[in-house]
Amino acid sequence: MPMDRRTLIRRTAAATGGTALAGLTAPALAADEPAPGESGSSLETAGGATVLPADGRYAPLTTGNNARFAARPDYIKMIKSTADAAKALGDAVKAGRRVAVRSGGHCFADFVSHPDVKVILDFSELNRVGYDPGMRAFSVEPGARLLNVYESLYKGWGVTIPGGTCYGVGIGGHVAGGGYGLLSRRHGLVVDHLYAVEAVVVGATGETRVVRATREANDPNRDLWWAHTGGGGGNFGLVTRYWFRSPGATGSAPGAQLISPPSTVLVNAVGIPWSQLDEQGFARLLKNYGAWFEANSAPDSPNRHLNSILNISSQANGVIGMFTQVDASVPGAARMMDDYLAAVTAGTGARAKALDRPNGELPAMPQLAAARQLPWLQATRLIGTSNSTLNDPTMRGAHKSGYLRANFTDAQVAAVYAAMTDPGYRNARTMLVLFPVGGQVNAVAPDATAYPQRSATLKMLFQTFWNDPAQDADHLGWLRGLYGKFFAATGGVPGLGGQSDGCYINYPDTDMADPAQNTSGVPWHALYYKDNYARLQQVKKRYDPGNVFRHSLSVALPKG
């Protein structure tokens with residue numbers, strides 16, 4: 001029997017044993033409208049499975065995509081609805097068990113897979129995507145994976161969000177940290193299109209309640225919406241639903257409420273052979289790349305329609321990969337692509353071409369030596385599913401991040417070259433990945449959302465992967481050495497507001513909170529949140545006064 005919103009609210013309250021619903025000041029679904037994706041069955045009230053240690057499902061559910069970290073919880077609770085989430089959270093809090101929440105499992109750090117966690121709340125089965133006419137926005141549940149979100153939005157309504165390229169990332173944590181992808185230079189971050197969030201929070205006496213918060217100026221819970229626009233996952237409550245509507249959207253037609261991706265894009269994916277690069281040529285490549293995006297980082301830059309990921313793999317890999325995409329409908333798109341490729345490779349002494357990776361391994365990026373026009377969704381699948389290393393859940397990994405506001409210094413280039421050609425570290429699964437930002441990302445004020453890095457030109461991901469736990473210290477030591485030398489001028493970590501500008505919370509690194517590793521004197525929260533941290537603490541105080549949601553880099557309650 002179809003279930004209307006009023007029925008859902010009544011059943012939610014009943015199922016959670018007195019859980020309160022608060023903050024429903026935003027437009028709600030009409031009484032006769034099912035919730036987005038709702039089947040009319042008992043799905044909304046049926047709880048997900050509880051997985052105990054003796055269950056065969058237990059082991060794979062205690063770790064995410066980074067096999068370095070594993071938990072030994074009392075149980076894992078699969079979540080299938082908001083009511084299910086509220087009851088599961090209430091039960092854990094009442095029992096005094098520490099909880100952690102997982103959507104896609106792609107957290108780089110130990111936020112979920114931590115020895116102190118006693119209950120993992122797994123949202124992977126809460127994964128529907130739909131249009132909510134009452135909210136005039138698209139509803140996406142936290143367990144939905146990025147590629148599924150893109151396919152659902154585009155096939156159903158011809159719209160999308162400017163999210164990431166790794167197909168298996170869960171939307172839950174991706175959004176909370178900001179959300180960046182190939183369309184971000186043209187359309188901003190995912191959170192720039194976030195209209196509302198629904199979360200289960202815990203009060204001072206341990207009671208749970210469901211809060212809906214929107215970006216509307218008069219919403220009394222607006223600060224909870226703001227905290228989810230870059231404040232990071234696992235800090236304030238259990239997100240059970242996001243709603244997306246682009247700023248300035250008008251009318252009531254679903255297809256007018258979110259951005260539309262290009263119908264077709266030009267893509268170019270090449271390998272630049274290490275064998276053709278000496279140190280001077282390598283330096284020229286990095287400086288060319290950095291200079292081009294520094295010169296084209298303004299919000300209104302005509303070249304904001306172009307984005308290009310540079311994957312600086314170790315010399316042991318054989319090639320440096322570059323994937324470039326430009327909106328094919330933009331006048332002069334082909335010329336834009338050609339001019340960009342010429343500018344980046346000028347003076348390097350190398351010629352980019354399609355190459356097979358040595359030792360029979362899969363290529364780091366799809367190999368398209370000449371620009372090719374593809375439907376946008378096909379190109380999105382291509383980049384999202386092609387990287388065997390990043391999409392391998394059995395790998396152990398270490399990750400660090402940083403933003404640049406200006407081009408690489410000579411010392412930074414030398415540090416990367418020395419590390420990537422180090423004869424004592426021949427790991428083909430090592431890389432520095434460069435993601436251009438700027439464009440419409442920089443059109444938003446640093447305090448308008450919780451994501452503060454609104455003047456950067458490049459986002460960097462330093463990472464290395466391996467399989468043997470006995471080698472953890474060697475690989476971590478190598479990465480720490482590269483990172484410390486790269487940021488030597490600012491105390492071994494990124495500076496703030498200068499040539500570099502902090503770190504990205506969706507690439508969390510607990511070294512930033514370790515005084516033995518971060519000796520710069522800059523606290524970890526300044527690196528990730530800059531001046532927005534104090535406001536995030538006030539949101540924490542209001543919605544999680546008991547510090548139920550905590551992890552290795554969680555927002556702390558304010559003192560006093």
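View 1. A pocket is an open set of points, on a 1 Å grid over the protein atoms alone, where a 1.4 Å probe fits, with protein on both sides within 12 Å along at least five of seven lines; lining residues have an atom within 4 Å of a point. The model is predicted: local features need pLDDT of at least 70 and side-chain atom pairs pLDDT 80 or more, while totals for chains, interfaces and linings use all residues. Residues are numbered from 1 along each chain as its sequence is written, and side-chain values use heavy atoms, without hydrogens or water. Lining the largest pocket are 17 residues, with G64, N65, G104, G105 and R145 nearest its centre. The lining comprises 4 nonpolar, 10 polar and 3 charged residues (Ala, Val, Leu, Ile, Met, Phe, Trp, Tyr, Cys and Pro count as nonpolar, Asp, Glu, Lys and Arg as charged, the others, Gly among them, as polar).

**View 2. Helices α4 and α10.** The axes of α4 (residues 146-157) and α10 (residues 376-385) come within 11 Å and cross at roughly 175°; the two helices are therefore roughly antiparallel (angle over 145 degrees, on a scale from 0 to 180 degrees between N-to-C directions). On α4 the contact (heavy atoms within 4.5 Å) involves L147, Y150, E151, Y154 and K155, and on α10 W376, L377, T380, R381 and T385. By class, this contact has 5 nonpolar, 2 polar and 3 charged residues.

**View 3. A489 and its loop.** A489 lies in the loop between α12 (472-486) and α13 (524-529). A489 has a relative accessible area of 82% and is therefore exposed (over 50%, with a 1.4 Å probe and protein chains only). The C-alpha atoms of A489 and Q412 are separated by 9.3 Å, the two residues being 77 apart along the chain.

Note on methods: Helices (H or I, at least four residues) and strands (E, at least two) are DSSP runs, numbered from the N terminus. Angles under 35 degrees count as roughly parallel, over 145 as roughly antiparallel, 65 to 115 as roughly perpendicular and the rest as oblique. Buried means under 20% relative accessible area, exposed over 50%, partly exposed in between (1.4 Å probe, protein chains only).
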